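Keep the viewer open as you read.

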Amino acid sequence: DGVEALDYLQSHESPDVVLIDMRMPRQDGPTTIRKIRSDERYDGTKLFAISGCLPPEVGIDTDRDGVDRWFQKPLNPRSLVDAIVEEVEPQATCSA
């Protein structure tokens with residue numbers, strides 16, 4: 001749940017990506033997202049939302065103050081994995 005997610009973040013190194021469901025016990029996704037975004041320690045952390053509803057329905061933006069990516073349920077696992085890989089693997093650069 002959202003409380004456990006924040007407890008985990010407080011006691012571990014900042015992850016590259018956090019997957020957040022919008023409907024969680026004790027503390028929902030939107031509240032958890034706002035708390036993560038308000039803590040500068042997680043400025044580089046990407047937040048990916050997974051939900052059966054749309055961002056406006058839960059009051060979350062898909063921008064730097066909200067989530068970086070939104071995945072609608074039913075979830076396509078391949079698109080989620082591809083998005084995570086895209087975020088965590090360094091971009092290849094060409095040198096001349």
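Read along the sequence, the pattern is α-β-α-β-α-β-α. That comes to four helices and three strands, where helices (H or I, at least four residues) and strands (E, at least two) are DSSP runs numbered from the N terminus. Bear in mind that this is a predicted model: local features need pLDDT of at least 70, side-chain atom pairs count only at pLDDT 80 or more, and totals for chains, interfaces and linings use all residues. Residues are numbered from 1 along each chain as its sequence is written, and side-chain values use heavy atoms, with hydrogens and water left out.

**The whole protein**

The C-alpha trace spans about 55 × 30 × 20 Å along its principal axes. Of the 96 residues, 34% count as buried, meaning under 20% relative accessible area with a 1.4 Å probe, protein chains only. Take the contacts (heavy atoms within 4.5 Å) with a separation of 6 or more: residues 24 or more positions apart account for 52% of them.

**Helix 1**

Helix 1 covers residues 2–11, and its buried residues are G2, L6 and L9. They sit on the same side of helix 1 because they cover an arc of only 60° around the axis, the arc being that of the directions from the helix axis to the C-beta atoms. An α-helix has 3.6 residues a turn, so residues three or four places apart point the same way. Strand 1 (17–21) and helix 2 are among what covers those buried residues.

**Around T45**

Where does T45 sit? Its place is the loop between helix 2 (29–37) and strand 2 (46–51). T45 counts as buried because its relative accessibility is 4%. Not counting residues up to four places away in sequence, T45 touches several residues, including P15, V17, R37 and D68.

| Side-chain pair | Polar contact |
|---|---|
| T45 and S14 | 2.8 Å |
| R37 and D68 | 2.8 Å |

Key
Buried means under 20% relative accessible area, exposed over 50%, partly exposed in between (1.4 Å probe, protein chains only). A polar contact is a pair of N or O atoms within 3.5 Å; within protein, one must be able to donate a hydrogen and the other to accept it, and residues adjacent in sequence count only if both atoms are side-chain atoms.
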